[in-house]
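Thanks for coming. Please have a look at it first.

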Amino acid sequence: MNIEEFFELSAGKWFSHRTSHHLAFKQSEDGKSNLVIESLAADHPEVIKLCQQYNIPPSAASSGARVTWNGTMEWDEEKHTGSTVLVAVPDAMNPQEGKLLREMGYAEKTPVAGSYKMSNDGALSLFTEYETMSSEERLWFASPNLRMRVSILKRFGGFSMASFTSEIRLGVTSPDGKPTENANSKSS
């Protein structure tokens, strides 16, 4: 699997359940979100705009995605909503690796460029360095309608957070819009 296929397989509506462990506080918390992921072609205006923002030729981008979320965390009553655009810029010598441009970062709410690596087993690993912290994420599909994610967030000075997230595709359809066997068996 390459990064374009990963983005295409990720397209759809998802329910996300995350458990995070704050190592410094020795506390865990749960969060729930609804995600909408849209695959964007390399020539999409938002992909081109983000490339230009990072002074990268838009022709170097292979694909993109828009991620929108709406969720809650166990420790507060506040709604957590937002949206960001991601753009993959493969390395010319090794297209399984490259830069991942983000309109807004995961850990800090500013634009950030990280790197990605697709492994032979179809997992996507993301590495991002922020001004005051770094993050590592690994995402993979257990099935077409179940995506898993683990992440580690490290603050300079020692504070760390580890998270495990499961994401279930809503609608029980495959990424190409066709009903899965599970959906067919419910209708018979």
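What you see is a barrel closed by 10 strands, in the order β1-β2-β3-β4-β5-β6-β7-β8-β9-β10, with antiparallel pairing. On average, neighbouring strands of this sheet are turned by 25° against each other, direction ignored. Axes here are lines fitted to C-alpha atoms, for helices over the stretch in contact, and angles run from 0 to 180 degrees between N-to-C directions. Helix α2 packs on the sheet and touches β2, β3, β4 and β5; its direction makes about 75° with that of β4.

Some ground rules before the details. This is a predicted model, in which local features need pLDDT of at least 70 and side-chain atom pairs count only at pLDDT 80 or more, while totals for chains, interfaces and linings use all residues. Residues are numbered from 1 along each chain as its sequence is written, and side-chain values use heavy atoms, with hydrogens and water left out. Helices (H or I, at least four residues) and strands (E, at least two) are DSSP runs, numbered from the N terminus. Two strands pair if DSSP finds at least two bridges between them.

The protein chain has three helices and 10 strands. Along the sequence they follow the pattern α-β-β-α-β-β-β-β-β-β-β-β-α.

Now the end of the barrel. How many bridges join β8 to β9? There are 10, between β8 (residues 133–143) and β9 (residues 146–155), and the two strands run antiparallel. M133 has R155 in β9 as its bridge partner.

Two of the pairs here are L153 with M161 and R147 with E167. This hairpin has four residues between its strands, and G157 in the turn has a positive phi of about 115°.

H21, for instance, has A162 in β10 as its bridge partner. Seven of the 10 residues of β10 are buried, so this strand is largely enclosed by the rest of the structure. Buried means under 20% relative accessible area, exposed over 50%, and partly exposed in between (1.4 Å probe, protein chains only).

Back to helix α2, which spans residues 45–53 and buries V47, L50 and C51. Seen down the helix axis, these buried residues fall within an arc of 100°, so they line one face of α2. That arc is taken from the directions from the helix axis to the C-beta atoms. As background, an α-helix has 3.6 residues a turn, so residues three or four places apart point the same way. The face of α2 turned away from the buried side carries the exposed residues P45, K49 and Q52. The cover over the buried residues includes β2 (27–40), β3 (63–73), β4 (79–90) and β5 (97–102).

What follows α2? N55 sits in the loop between α2 and β3. Its phi is near 55°, a positive value in a residue other than glycine. N55 counts as exposed because its relative accessibility is 72%.

A few totals. Buried residues make up 39% of the 188 residues in the protein chain. Of the contacts between residues at least 6 apart in sequence, 45% join residues at least 24 apart, where contact means heavy atoms within 4.5 Å.

Last, confidence. pLDDT is the predictor's confidence in each residue, from 0 to 100. The protein chain averages 86, and 88% of the residues score at least 70. Among the elements, β5 has the highest mean pLDDT (96) and helix α3 (residues 181–187) the lowest (38). Over residues 179–188 the pLDDT is below 50, and beyond near neighbours in sequence this stretch has nine contacts in the model.

That is the tour. I will take questions now.
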